Amino acid sequence: MRLRPHLLLVLWLPLGALAQSEAELGRYAELDRQCETAREKKLAPLRAEKIEACVREQKRPRTDCETELANFGNTQAKAGGGAVGGMFYDLPQCLAATAARNQYRQ
């Protein structure tokens, strides 16, 4: 029965690693949130401008224009696969989020 303390130690090791991973995941989520908040501040006026142009120039209902342009500036999937990159991922907050994830992957 002397193995029990060792067994407990072995069972507790993954819990410590999991806690660290949860902390890191939380940090990445916060960096991503900061990135998306900064992007939205930049994108909101551009979206509003596009919606106004849609209503004014194309004579379409505002709700249709708002629905169509709700994702303007976000990453969009291409029909043949791949994606068209979103706007403003070059903001400092987004670069920090990307750098943190890249550092973790190394």
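**Disulfides of the predicted model**

C54 is buried, at a relative accessible area of 3%; buried means under 20%, exposed over 50% and partly exposed in between (1.4 Å probe, protein chains only). This is a predicted model, where local features need pLDDT of at least 70, side-chain atom pairs count only at pLDDT 80 or more, and totals for chains, interfaces and linings use all residues. Residues are numbered from 1 along each chain as its sequence is written, and side-chain values use heavy atoms, with hydrogens and water left out.

**Count and pattern**
- A disulfide is taken as a pair of cysteine sulfur atoms within 2.5 Å, and that rule gives two disulfides.
- Counting bonded cysteines along the chain, the pattern is 1-4, 2-3.
- A disulfide is a covalent bond between the sulfur atoms of two cysteines.

**C54 and C65**
- The sulfur atoms of C54 and C65 lie 2.0 Å apart, forming a disulfide.
- This pair links distant parts of the chain, 11 residues apart: C54 is in helix α1 and C65 in helix α2 (residues 62-68).
- Helices (H or I, at least four residues) and strands (E, at least two) are DSSP runs, numbered from the N terminus.
- The S-S torsion of C54 and C65 is about -70°, so this disulfide is left-handed.
- C65 has 0% relative accessibility and therefore counts as buried.

**C35 and C94**
- C35 is joined to C94 by a disulfide, with an S to S distance of 2.0 Å.
- This pair also links distant parts of the chain: C35 sits in helix α1 (residues 3-58) and C94 in helix α3 (residues 92-105), 59 residues apart.
- The S-S torsion of C35 and C94 is about 90°, so this disulfide is right-handed.
- Both C35 and C94 are buried.
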